[in-house]
Amino acid sequence: MSWHAEDELLQRYASGALDAANSFSVEAHILACDDCRMRVPRDTTRLDAIWNGVRGSISAPATRFTERLMRVLGINAHTARLLAATPALSTSWLAGIAATLAFIILASHNKSGDPLPFLLVAPVLPLAGVATAYGRGVDPTYEIGASAPMRGLRLLMIRSLAVFVTTSALAVAASFALPRVDLNAAAWILPAVALATVCLALSTWLSPLRSAVIVALAWMAVVIVSLAVATGPLRVQTIAAFREGEQAWLAATALLGVLVLVVRRNHFERMDR
Amino acid sequence: MNRGAGDDRELLAALAAGEEAALRALYDRHAPWLILRLARRCSDRDVVDEVVQDTFVAIWRKPGAYDGRGEVGAWIWGIGIRRLIDALRRRPRRAPAFTRESDVAPSAEEMVLLGVEHGDLAGAMNQLSPELREVVQATVLDGLTTREAGRLLGIPAGTVKTRMMRAKAQLREGLI
C-alpha cells in the first residue's frame, strides 16, 4: 500500500478537526494498515482505565445459574448475588433435598399407603435450609454481609424466605408422588412454617444452627411422645401435630415466632456484629 | 505493508487458548483507533469507554466468531459499532450522536490542498449537509444496514433511505 496517513493528518483526525472526506479515508486506511494504526494518537490514562475494566470483566467468576435465573425473574442484581450465595440455594444442597424427598416418598409406598414418613421429615427440610441460610461459619459471604450497609435482618428474611419457598416447592412437588394425594399429604406445611419461624425467633438469642438443633429436637420429641401414647396402627392421625385441632396450635406458634422476631429484631443485629 | 493482519490472527489464536497477554497486545493495537472512531459517532465519552470495554470483553469470550476472512480490524469495528448502537438504544440520547467538525472551519488554503489531493469527490463529500453525510458514513463506511444506521442516528429507517438517495444524487452532480 503506497498511501499512508501522515502524523499531522492523524492528529487532526483525532482532534475532530478533519473534514469528512479525509476522515473517511483515514478510517478506511487504519483498518488495514498496521503502521498507521500504531501511530494514532493515544490517551494512555484513558486506555489504561478501560483496560482495567476489561480485566475486571474477564477475570470475574461466571455468575451462577441460580443468579442468572433470578435476574431474569426481575430480582435486582445485588439481591440476586446475596441470594445466590446462600448455601441452601446451591445446586448440591437442592439435589440433597430432592434425594431425601425421593427416599421418603419410597418409604411412604408401604402396605398401608400412609404418608406418615413423608410428613415427619418434610417439615425439617426447610428448617435445615433456613438454619444455614445465614450466619458465621456457613455463609461464604458472611463477612461481606456483616460489613455491608444493609440490615442483617433484611438479609436473613429474604434468604430465609427464598430457602423456605424453594425447599417447600420441592416438597409440594414430591407430595404428588405419594400413594394417595389428599389433604393429609399437605399436613406437613403448617409444622414446617412453625418450625422455621420458631427457629428464626430463637436465633435472636442463639446462633441459627443451635436454634435449629433445638427446634428439630423439639419436633422429634413431639413425634416420639405421640408414637409412645399411640394405640392401634400408625397413621397420619397418630401424630398429635397432624390432627386438625392441633394444626391451629401450630399456626398460633408460627405467629408467636414472627411476633418475637419483630420485637427482638434489634437483638439479632447486635448479636450478629 | 500488511504485516498487521497476520499478527492479528496469531494474537486471536493465542487469545482463544486463554492467553490474556494476547488480548492486551490486541488491545494496544486496536483500542486507540476504536476509541477515536467511536468518539466521532458518539459524543458521550462514558458511553464510548463502556463500548470499547464491552468490545474487548466480547472478543475475549468469543474469539472464534472471527471467520478468518477480511481484516481483524474490520471485524473488531463490526463488534464495536453494534455495541454502540445497543448502548445508545439503552440510554436516552442527550447530545447528537455526531461530533461535527464544522466548529473548526478549514482555511481556504486547506480547501485547495484537499481539492488537489482528492479531486472533486472530496469536495462533493464535504459539501454534503451533516445529515446526509452521517447517513453516507453509517451505511457506506461503517457497513451498517439501513435499520442499524437508523438506530445509530436516531432516525427512522425510511429516512435513512431517502437521505442516502439524496446524498447519492448530490455526489453525482458534484462529480460532473
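User: Before we start, what does contact mean here?
Analyst: Contact means heavy atoms within 4.5 Å. This is a predicted model, in which local features need pLDDT of at least 70, side-chain atom pairs count only at pLDDT 80 or more, and totals for chains, interfaces and linings use all residues. Residues are numbered from 1 along each chain as its sequence is written, chains are lettered from A and ligands numbered from 1 in the order in which they are written, and side-chain values use heavy atoms, with hydrogens and water left out.

User: OK, what does A:Arg264 touch?
Analyst: Leaving aside neighbours within four places in sequence, A:Arg264 is in contact with A:Thr204 and A:Trp205.

User: And is A:Arg264 buried or exposed?
Analyst: A:Arg264 is buried, with a relative accessible area of 15%, where buried means under 20%, exposed over 50% and partly exposed in between, using a 1.4 Å probe and protein chains only.

User: Switching topic, which residues touch the most other members of the largest nonpolar core?
Analyst: In that core of 70 residues they are B:Val52, B:Phe56, B:Ile59, B:Leu84 and B:Leu152; a nonpolar core is a set of buried Ala, Val, Leu, Ile, Met, Phe, Trp, Tyr and Cys residues joined through side-chain atoms within 4.5 Å.

User: What does B:Phe56 touch, then?
Analyst: Not counting residues up to four places away in sequence, B:Phe56 touches several residues, including A:Val54, B:Leu23 and B:Tyr27.

User: What is the mean pLDDT of chain B?
Analyst: The mean is 80, and 78% of the residues of chain B reach 70 or more, pLDDT being the predictor's confidence in each residue, from 0 to 100.

User: Where does pLDDT stay under 50?
Analyst: One such stretch is residues 99-107 of chain B, for which the model has 14 contacts beyond four places in sequence.
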